[in-house]
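Here is a short report on one protein model. Look over the sequence and the structure first, then read on.

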Amino acid sequence: MHPDRPADDAHPADLPLVLVVDDEVRSQDAMRRTLDEDFRVLSAGSADEARALMEREEVAVILCDQRMPGLSGVAFLREVRERWPEAVRIIISGYTDSEDIIAGVNEAGIYQYILKPWVPDHLLQTVRNAVEARALQQGLSRLELDLRAGTSVLRHRRADRLAQARAAFDFDRIERASGSPLDAVCEMAARVARYDLSVLILGESGTGKELLARAIHYASPRSGGPFVLENCAAIPDTLLESELFGHKRGAFTGAYEDHIGLFQRAHGGTVFLDEIGETSPAFQVKLLRVLQEGELRPVGSTRSLPVDVRVVAATHRRLAEDVAAGRFREDLYYRLAGVTLQMPPLRERAGDVAPIARRLLDEVGRELGRPGMRWADGALAALMGYPWPGNIRELRNEIARAVALSDGETIHAAAFSTAVLQGQTGRHHAAEAGNAALPQTGTLQERLDAIEAMVLRETMLRLRWNKTHAAKELGLSRVGLRAKLQRFGLDK
């Protein structure tokens, strides 16, 4: 082993194991340096050493030199094929003897024949391909065993997984309080889900438009088909057509092979196009043609392909205004807006903050390795009084921050950011905080706490945190005011 290279046991145990069989130590070291960042590498100087290692270890790929003292590479790999058939076998040789090559392919089942002097990048890619081929073969073997179980078993498994998906993305799993403004949205979505109509979901970023789209899919007759999504604002418009409709090899620079687009992958299911309002007029024309004709033409292809999908689109923009201003095609708008649903922002449903925060605390706590976290008195009230311009995404980030900054299992309001505690953001100042919707749900004490926190915050902001003036206006002593500020985490 080379003195500067790490030992075999320094590699993670879950990496595929490659066995290098070569009687030259320098060749062993060279191959190890090429491979050991991606794989665990063991070395053997002869067939006997290699055989002993394979009896102890599960080897994924064998790189074997052809010319070695004693048993030749092909002869040894013929034995490997019989005893360890799942190991992928590769021969390395400095000779181009056709008889060796034929024997290697026919008798030892050689995956690939590499000639010396080998190129490091080529060797590394060959081993990567060999590992992938082995994984695919193992997957096919498992699939064959599943198929032997019979179609009835497979049908039951598929039905069970579909039932799990439907339960996970049911409308009731969209977190909200009883009497929430979301109830009417979800009820309408559930009604239209069973009809094959296009749906346009409007709402600010972070309000849960994707969750609603998934719920529509799994409540529809297409629930057994795929649900695929694309954020139209995340990739350049020039690539969006290829991503959605596919392309043929050679259609443009870098198109080295055929690519199946998302519409074809979603055949029989649902395509969710998020931020559809960010697309260009040129792309809108192509999308409209696909929706109208029910067929698409991959980039670089001369043949159209039929496609059967339901389209659910979403945007944070006021799309009707964009249509009036000429920024969005009117005909595409009406094609997408078979039914339009409006997701209300979090500031318009303050009563939903508490149940959402409880669920997010469970999720974030598990993700950060701190399960069992709980809210202190007054903490939820502080969250309920903030306008949340970033909606649920901002609320999740705030909770993650609070979990990280809390020492014990209880999260106090003091762990929240200054923006939340002061009830203002760059767009929502004191007036916005003062006019935030009152909570419509929760226990009487929770609602009273939220209102009290809102009044305290609005007063302190308006009086620029002058405690003397605030105490006088609210009819409190300075000590009483300080105690209330501390309770709701506003003293920071």
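## Strand β1 and its partners

Strands β1 and β3 run parallel and are joined by four bridges. Leu19 has Ile62 as its bridge partner in β3. Strand β1 (residues 17–21) also runs parallel to β2, with five bridges between them. There, Leu42 of β2 is the bridge partner of Leu19. Strands count as paired if DSSP finds at least two bridges between them. Helices (H or I, at least four residues) and strands (E, at least two) are DSSP runs, numbered from the N terminus.

The model is predicted: local features need pLDDT of at least 70, side-chain atom pairs count only at pLDDT 80 or more, and totals for chains, interfaces and linings use all residues. Residues are numbered from 1 along each chain as its sequence is written, and side-chain values use heavy atoms, with hydrogens and water left out.

## The sheet

The open sheet has five strands, in the order β2-β1-β3-β4-β5, with parallel pairing. The edges are β2 (40–44) and β5 (112–115); each has a single partner strand, so one side of each lacks a neighbour in the sheet. From one strand to the next, the twist averages 20°. Such angles run from 0 to 180 degrees between N-to-C directions, and axes are lines fitted to C-alpha atoms, for helices over the stretch in contact.

Strand β1 is mostly covered, with five of its five residues buried. Buried means under 20% relative accessible area, exposed over 50%, and partly exposed in between (1.4 Å probe, protein chains only). Leu17, Leu19 and Val21 lie on one side of β1, Val18 and Val20 on the other, and all are buried. From β1 the chain passes through α1 to β2 in a right-handed β-α-β crossover. Right-handed means that, with the strands pointing away from the viewer, the path from the first strand over the helix to the second runs clockwise.

Contact means heavy atoms within 4.5 Å. Helix α3 (residues 73–83) lies across β3 and β4, at about 180° to β4.

Thr34 belongs to α1. Its relative accessibility is 16%, so Thr34 counts as buried. Leaving out residues up to four places away in sequence, Thr34 touches Trp118, Pro120, Leu123 and Leu124.

## Other helices

Which helix has eight of its 10 residues buried? That is α8 (residues 209–218), which is therefore largely enclosed by the rest of the structure. Among the buried residues of α8 are Lys209, Arg214 and Tyr218.

The axes of α20 (residues 467–474) and α21 (residues 478–487) come within 9 Å and cross at roughly 100°. That makes α20 roughly perpendicular to α21. Angles under 35 degrees count as roughly parallel, over 145 as roughly antiparallel, 65 to 115 as roughly perpendicular and the rest as oblique. In α20, Lys467, Thr468, Ala470, Ala471 and Leu474 meet Arg478, Leu481 and Leu485 of α21.

## Backbone details

Most residues other than glycine have a negative phi, and most peptide bonds are trans. The bond from Lys116 to Pro117 is cis, with omega near -5°. Pro117 lies in the loop between β5 and α5 (120–148).

Glu275 has a positive phi, near 55°. Glu275 sits in the loop between β8 (270–274) and α11 (281–293). It is buried, at 11% relative accessible area. Asn391 has a positive phi of about 60°. Asn391 is in helix α16 (residues 391–405) and, at 0% relative accessibility, counts as buried.
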